[in-house]
Amino acid sequence: MKQEKKNTGSLIKTILAMYIVTGLLLVVLAFVVSKADKEEMVARIGVVAVYVISCMLGGYIIGKCKGKRKFIWGMLVGAIYAAILIGIGIIIGMGSLPNLITGATAAAICIASGMLGGMIS
């Protein structure tokens with residue numbers, strides 16, 4: 001029971017840290033995009049970079065907390081991060097599902113980045 005609370009607490013803190021970093025990086029990205037010539041291309045690349053950085057950080061943090069099976073914990077936080085992103089996309093889209101290929105690609109990027117972060121921790 002105590003271990004389950006510790007696991008849940010670690011996951012929540014890690015996801016929270018990931019979204020704080022995401023918010024900060026998106027503010028920086030908005031500034032960069034406003035100064036760029038090819039705004040759409042810079043925005044797309046920037047969003048993917050934000051996913052990668054945030055999920056790698058989350059995988060690294062959870063890997064340091066857990067110490068064992070780090071890559072699995074990293075994959076888990078990446079999957080949770082992606083699920084929240086897709087959920088928010090559905091809510092903002094008023095119930096319509098986002099493009100399947102885009103959503104699957106974003107989820108794969110998040111999961112792989114989280115796993116990589118866990119492996120290097």
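**The aromatic pairs**

A: The structure holds two aromatic pairs, where rings of Phe, Tyr and Trp (its six-membered ring) pair if their centres lie within 6.5 Å, with planes under 30 degrees apart counted as stacked, over 60 as edge-to-face and the rest as tilted. In one of them, Y19 and Y81 are stacked, at 4.6 Å centre to centre and with 20 degrees between the planes. This pair links distant parts of the chain, 62 residues apart, with Y19 in helix α1 (residues 2-35) and Y81 in helix α3; helices here are DSSP runs (H or I, at least four residues), numbered from the N terminus. The model is predicted, local features need pLDDT of at least 70, side-chain atom pairs count only at pLDDT 80 or more, and totals for chains, interfaces and linings use all residues. Residues are numbered from 1 along each chain as its sequence is written, and side-chain values use heavy atoms, leaving out hydrogens and water.

Y19 is partly exposed, with a relative accessible area of 23%, whereas Y81 counts as buried at 0% relative accessibility; buried means under 20%, exposed over 50% and partly exposed in between (1.4 Å probe, protein chains only). The rings of Y51 and Y81 have centres 6.4 Å apart and planes at 80 degrees, so this pair is edge-to-face. Because Y51 lies in helix α2 and Y81 in helix α3, the pair ties together parts that are 30 residues apart in sequence. Y51 is buried, as is Y81, and ring pairs link Y19, Y51 and Y81 into a cluster.

Methods. Helix = DSSP H or I, 4+ residues; strand = E, 2+ residues; numbered from the N terminus.
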